[in-house]
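Please open the model in your viewer and keep the sequence at hand.

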Amino acid sequence: MKRLALIPFTFVLALPMAGAADAPVWPADVKAKDDPRILTFYDEQCAFYADQNDDPSGRDAFIAKCRESIASVFPVGTAKSGGGE
């Protein structure tokens, strides 16, 4: 019975991961918060999230709000070298 309960849960976890292949990749060896590569990553990641959103009319507002907090979600110095995960 428990095994059957895990099937839907596993399926729900796999759905967001299916689109992750198209997500922007964390730049390798970033050490400074103002590195242009990390700023580009933040912009691309927010645009990626906005594209996943169901409300295209609020895309610009969504991206602006995302940009305010994305550095706390992906802080410089915490990702593994080689990035992407």
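The stops that follow cover the overall chain, the aromatic rings and the salt bridges.

**Before selecting**

This is a predicted model, in which local features need pLDDT of at least 70 and side-chain atom pairs count only at pLDDT 80 or more, whereas totals for chains, interfaces and linings use all residues. Residues are numbered from 1 along each chain as its sequence is written, and side-chain values use heavy atoms, with hydrogens and water left out.

**Stop 1: the whole chain**

Display the protein chain as a cartoon: three helices and zero strands make up its secondary structure. Here helices (H or I, at least four residues) and strands (E, at least two) are DSSP runs, numbered from the N terminus. Read from the N terminus, the order of elements is α-α-α.

Next, switch to a surface. The protein chain exposes about 6,500 Å², of which carbon and sulfur atoms supply 62%; accessible areas come from the Shrake-Rupley method with a 1.4 Å probe, and for residues only the protein chains shown count as cover. Of the 85 residues in the protein chain, 21% are buried. Buried means under 20% relative accessible area, exposed over 50%, and partly exposed in between (1.4 Å probe, protein chains only).

Contacts (heavy atoms within 4.5 Å) can be displayed as well. Among those in the protein chain between residues at least 6 apart in sequence, 52% join residues at least 24 apart.

**Stop 2: the aromatic rings**

Select the rings of Phe, Tyr and Trp (its six-membered ring), which pair if their centres lie within 6.5 Å; planes under 30 degrees apart count as stacked, over 60 as edge-to-face and the rest as tilted. By this rule there are five aromatic pairs.

Begin with phenylalanine 41 and tyrosine 42, a tilted pair with 6.1 Å centre to centre and 55° between the planes. Both phenylalanine 41 and tyrosine 42 are buried.

Phenylalanine 41 is buried, at 3% relative accessible area, while phenylalanine 74 is partly exposed at 23%.

To complete the selection, include the tryptophan: ring pairs link Trp26, Phe41, Tyr42 and Phe74 into a cluster.

**Stop 3: the salt bridges**

How many salt bridges does the structure hold? There are four, a salt bridge being a side-chain nitrogen of Lys or Arg within 4 Å of a carboxyl oxygen of Asp or Glu.

Select aspartate 35 and arginine 37, which form a salt bridge with their closest N and O atoms 2.9 Å apart. Aspartate 35 is buried, with a relative accessible area of 14%, whereas arginine 37 is partly exposed at 41%.

Move on to aspartate 51 and arginine 59, another salt bridge, with the closest N and O atoms 3.0 Å apart. Aspartate 51 counts as exposed at 51% relative accessibility, and arginine 59 is partly exposed at 29%.

Finally, select lysine 65 and glutamate 68, whose side chains meet in a salt bridge (3.8 Å, N to O). The two are three residues apart in helix H3 (residues 59-73), so about one helical turn separates them. Glutamate 68 is exposed at 61% relative accessibility, and lysine 65 is exposed at 57%.
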